[in-house]
Amino acid sequence: MMRSRRIALSLLLTCSLAFFFMNSGFGQQVGSDEQRSTEEKKEIVTQTETEKEKLIPSPKNIKEGTAIYVFVGWMWLSIFVLIYILRLKIKEIDRLYKIKFFSAKRE
Amino acid sequence: MNLKAVITGIQAWFDDRFGLSQIFKFLREKEVPQHKHTIWYYTGSAILLFFGIQVITGFMLVFYYKPTLEEANKSIARIMTEAPLGWIIRSVHFWSASFMIAIVFIHLFSIWITKSYRKPREATWMSGVFLLVISLAFGFTGYLLPWDALSLSATKVGTDIPRSIPVVGIWITKLLRGGEDVTGDTLTRFFGFHVCILPVFIFILLGFHIYFIQKQGMSLPVDVENRNEDVNSLPFWPNFVYREMIVWLLLVGILVTIAIFLPPSLDKAADLMAPAPEGIKPEWYFLFLFQILKIFPAKILFINGDTLAVLLFAVAFILFFFLPFIDNKPAERKGKIITVIAYVVIVFAVVMTVWSLL
């Protein structure tokens, strides 16, 4: 039961990641200068090499900037939750190892 | 047919063909010693983690990168400004390379200090030293790919160093550059090294390195072994892997945060006719070598200073490579002196790096 739940969870995670990458548009053709509409060009906040010598990367617009900072916060929160769960699991498996639970099971 | 039966069927299918149950049995039975130096065991898997990130982000970047004189710099600019999340992907690739090389250095020096390379682990050490060289080669070839003024000049300096080697020096420089000077041919060649030749070598060596580690098991530091006490150990799966997962999570968090807040910039495209810019510096992991070459006198007795420096580097590398055979009595006086040398080398490299940055 636990195993099937784990597999279902892994599948769900894989699908979510695949969905995220498909929707992020990564891997799609960027297109040449002619293909880009002038409207799209306006969205590019960072200057091209003709405007500025050094290209400093940054979020393209406020929406992307906010999304990135929210992502960083969410990522650290997830990391701390996962670490907390892992620590609980470590405590439990160490206890089982100490009482030789798995060796007894194998014998 | 319920889900459990389907899963068991799939598992059986894979097991019949790939013998996965044998691998899982091996991992369940593998043990990791627990002592005061256990922390160094985590560095090996951290390197693998960053290597994996390098491969994935590298695949993403190669979709957009164009290794030609006209397009190299423009394509990086396009990655940074137009490709979805391109600047973050590039930044993660850039920072994970630095993280990976830093941990490779820590990993090698921890092995040197704990003397984990002693018999029968000499081949593991030697494959590890080659992996360090390949990691540095990845860094060196990757540095030119943005094709900006600084990377062009640094590559000119870097590829000029082998010229000082007697007999084969000029040939090596020409081989690296694809001609007399750094040109578009060098860029194409470096791209080939970076995405094709070096990955082949790193995968082969990594395979050998991991095989040796699994075959010999985790090494005990020499001082722990000499105490002749029983050493506690933990099963690799799942007890140690769960602990490693905590380290990986923290490292990924730090990497992504740094990549977002400190992304690498891009200078304007390099001009082959322009004079070299001021303050040419290689990546941080080459700074100590760069500084040593800088302070070396132009001529010592009748020998050219650069030639002597390169020959000294070569001798140091050979000694480093054959260290397990030189340090064949790790518990005795000779072994202790070699440990002191390790600390001296670390301090020297750090001082040279800081000096170069000043």
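## Basis of the model

A salt bridge is counted here where a side-chain nitrogen of Lys or Arg lies within 4 Å of a carboxyl oxygen of Asp or Glu. The structure is a predicted model, in which local features need pLDDT of at least 70 and side-chain atom pairs count only at pLDDT 80 or more, while totals for chains, interfaces and linings use all residues. Residues are numbered from 1 along each chain as its sequence is written, chains are lettered from A and ligands numbered from 1 in the order in which they are written, and side-chain values use heavy atoms, with hydrogens and water left out.

## The interface of chain A and chain B

Under that rule, 1 salt bridge is found across the interface of chain A and chain B. The side chains of D94(A) and R243(B) form a salt bridge, with an N to O distance of 2.5 Å.

Contact, defined as heavy atoms within 4.5 Å, links 42 residues of chain A with 44 residues of chain B. The two chains bury about 3,900 Å² between them, 72% of it on carbon and sulfur atoms; buried area here is the accessible area (1.4 Å probe) that two parts lose on being put together, summed over both.

## Chain B as a whole

Chain B has 15 helices and 4 strands, these being DSSP runs numbered from the N terminus, with helices (H or I) of at least four residues and strands (E) of at least two. Taken along the principal axes, the box filled by the C-alpha atoms of chain B is roughly 65 × 65 × 35 Å. Of the contacts in chain B with a separation of 6 or more, 78% come from residues 24 or more positions apart.

Of the 358 residues in chain B, 46% are buried, where buried means under 20% relative accessible area, exposed over 50%, and partly exposed in between (1.4 Å probe, protein chains only). The accessible surface of chain B comes to about 18,700 Å², and 72% of that surface belongs to carbon and sulfur atoms; accessible areas come from the Shrake-Rupley method with a 1.4 Å probe, and for residues only the protein chains shown count as cover.

H194(B) is placed in helix α9 of chain B, which covers residues 184–216, and H194(B) is buried, with a relative accessible area of 14%. Leaving aside neighbours within four places in sequence, H194(B) is in contact with H93(B), F138(B), T141(B), G142(B), L145(B) and P199(B).

I210(B) also lies in helix α9 of chain B, but at 32% relative accessibility I210(B) counts as partly exposed. The C-alpha atoms of I210(B) and F348(B) are separated by 30 Å, the two residues being 138 residues apart along the chain.

## Backbone details

Chain B has a cis peptide bond from K119(B) to P120(B), with omega near 5°, and P120(B) is placed in the loop between α5 (86–114) and α6 (122–144). Another cis peptide bond joins W237(B) and P238(B), with omega about 0°; P238(B) is placed in helix α11, residues 236–261 of chain B.

K100(A), although not a glycine, has a positive phi of about 55°; K100(A) is in the loop between α3 (62–98) and α4 (101–106) of chain A and counts as exposed at 56% relative accessibility. In chain B, V167(B) is a residue other than glycine with a positive phi, near 70°. V167(B) is placed in the loop between α7 (149–160) and α8 (169–177), and at 85% relative accessibility V167(B) counts as exposed.
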